[in-house]
Amino acid sequence: MPNINTGGVRAFSAPGKALLAGGYLVLEPKYGSYVVALSSRMHAVVRRVEAPKASPSSFVVNVRSSQFNGDEWEYELEASTNYQPIQQGLSKNPFIEKVLLTVFNYFQPDLTEQENISIEIYSDPGYHSQAETKVKSNGVKSFLFHSKSIVDVPKTGLGSSAGLVTVLVTAFISCFKPDLDVSSYDGMRLIHNLAQVAHCQAQGKIGSGFDVAAAVYGSITYNRFEPSLIEQLPDTSSSEYHSSLVSLIDKTDWKIKASRVSLPPRLRLIMGDVNNGSETTKLVAKVSEWYKAHYPVSLEIYNTIDNANTRFVDSLRELTVLCDKDTPAYEALIETINDKGREVHPLLQKIITSVNVIRENFRTITKQSGADIEPEVQTALLDAATDLPGVLTGIVPGAGGYDAICLITTDSCNIANETNHDPAFSTVNWLDLSQQDLGIIEEKPNNYENLS
Ligand SMILES: Nc1ncnc2c1ncn2[C@@H]1O[C@H](COP(=O)(O)OP(=O)(O)O)[C@@H](O)[C@H]1O
Ligand SMILES: C[C@@](O)(CCOP(=O)(O)OP(=O)(O)O)CC(=O)O
């Protein structure tokens, strides 16, 4: 979509994610994964501010997240210090800082000629706990306003930082490259590469990047880049930083694979929030220890999971093909999910068995590694959920743990009604979310005005 620039103001949004297949394996470039982009989005509205400058060379970026008790971050930047953001005031936000550092070093703008930049962030309800919130709406968009700062509000694990980094990177690119088209291949590639660098720098580690990839490209099958691409960047204060960064962003083949996917028609993704406090880093460390200690059996287990992941993704694709070719047969197949007594179609059986193989092997890793990927409470929840009419299959998303469960259901399944009076589900909070195809999109800035 072309630029929807209203009086110099532009707005963008990027989705949250759930990793349905490929947890842990996706850390290695050779293994594919299946990432679903979610309808919970992070938004940024960016404008130039004509406020008088303290001096011709002073340049200020102000980022507000009013939803979180009026959170606000301000930075001064200078070209002479490689655009190291100087935090004004007490609030720290490493994600905003590293986005500034990365995007400004990439563009090397002449700040004496630039007006200050101001950004307002909005986040959809799915990312955070909804306790103690007030809704503000303008009839087009609604957001929850919290009584606490961002750092004190519990997360649900949909990837708020990847969404934040992606929309912020996009917002700043739009300032220095006004012809940015976020639906173009080149636009997405630039956003993706800059966002991966900034996100890794802010996290102080190089994860697989599937969350940033989904925020940019939407629902995808994804293979990661080699971590060495980012590791080999020189220190950000070095005189070579700009040229190395430009070469990495524009002239290097990252060899990622990101192909758009979509859940088959009439199937939905349901996320159930169970608990907070996932410790992905600790889980990853334990699994990596286990992998080394149990090699080569661990490799066999990974390959078995990978085969099952591929079968899972293939059968979802085959379902979409069947729907296109023979809609009545497809409708009948969907009804067999709603009516658990009926015979299961081989394609559905393929999905169910592949997910069972994935779960079984992650339970083996759970036992041997001490990393609670699918702990017993989650097994009980998933087994109970997959017995319900309308539920095709279910899995612990991402790194697993006690955080959440993910179900694939038919569009007529009302999971909240099904589980309402069942004590087995008393710990589950069903999130109001759906799968989305698109990643980063441009929004109309006036859709964010007059929230009350
Ligand atoms: N709406 C927001 N406004 C400002 N910063 C945010 C927002 N959402 C997330 N962040 C930043 O991202 C951090 C959370 O990132 P992280 O711990 O990686 O969680 P997640 O798994 O949700 O990405 C917050 O502490 C904050 O710095
Ligand atoms: C283990 C992983 O493969 C997947 C983790 O997925 P989550 O969705 O659990 O991630 P966080 O939002 O970072 O906690 C690690 C990775 O791919 O980086």
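A cavity here is a set of points on a 1 Å grid over the protein atoms alone, where a 1.4 Å probe fits but cannot get out. Volume is the space filled by probe spheres set on the points, which are joined across faces, edges and corners.

The model is predicted: local features need pLDDT of at least 70, side-chain atom pairs count only at pLDDT 80 or more, and totals for chains, interfaces and linings use all residues. I number residues from 1 along each chain as its sequence is written.

**Largest cavity.** I read about 100 Å³ for the largest cavity. I listed 15 lining residues, and closest to the centre are Ile 358, Phe 362, Ile 395, Val 396 and Gly 398. Lining means an atom within 4 Å of a point. β1 (10-21) and α10 (346-369) are the elements that give two or more residues to this lining. Elements are DSSP runs: helices (H or I, at least four residues) and strands (E, at least two), numbered from the N terminus. By class I noted nine nonpolar, four polar and two charged residues. Nonpolar covers Ala, Val, Leu, Ile, Met, Phe, Trp, Tyr, Cys and Pro; charged covers Asp, Glu, Lys and Arg; the others, Gly among them, are polar.

Where does the largest cavity lie? Domain 1 (10-260 + 439-448) and domain 2 (267-436) both give lining residues, so it lies between them. The bounds come from an automatic or database domain assignment.

**Second largest cavity.** I read about 40 Å³ here. Its lining includes Leu 20, Leu 269, Phe 312 and Cys 406. β12 (391-395) and β13 (404-410) each supply at least two lining residues. I noted eight nonpolar, two polar and no charged residues.

How values were computed: Chains are lettered from A and ligands numbered from 1 in the order in which they are written. Side-chain values use heavy atoms; hydrogens and water are left out. On a 1 Å grid over the protein atoms alone, a cavity is a set of points where a 1.4 Å probe fits but cannot get out, and a pocket is an open set with protein on both sides within 12 Å along at least five of seven lines; lining residues have an atom within 4 Å of a point.
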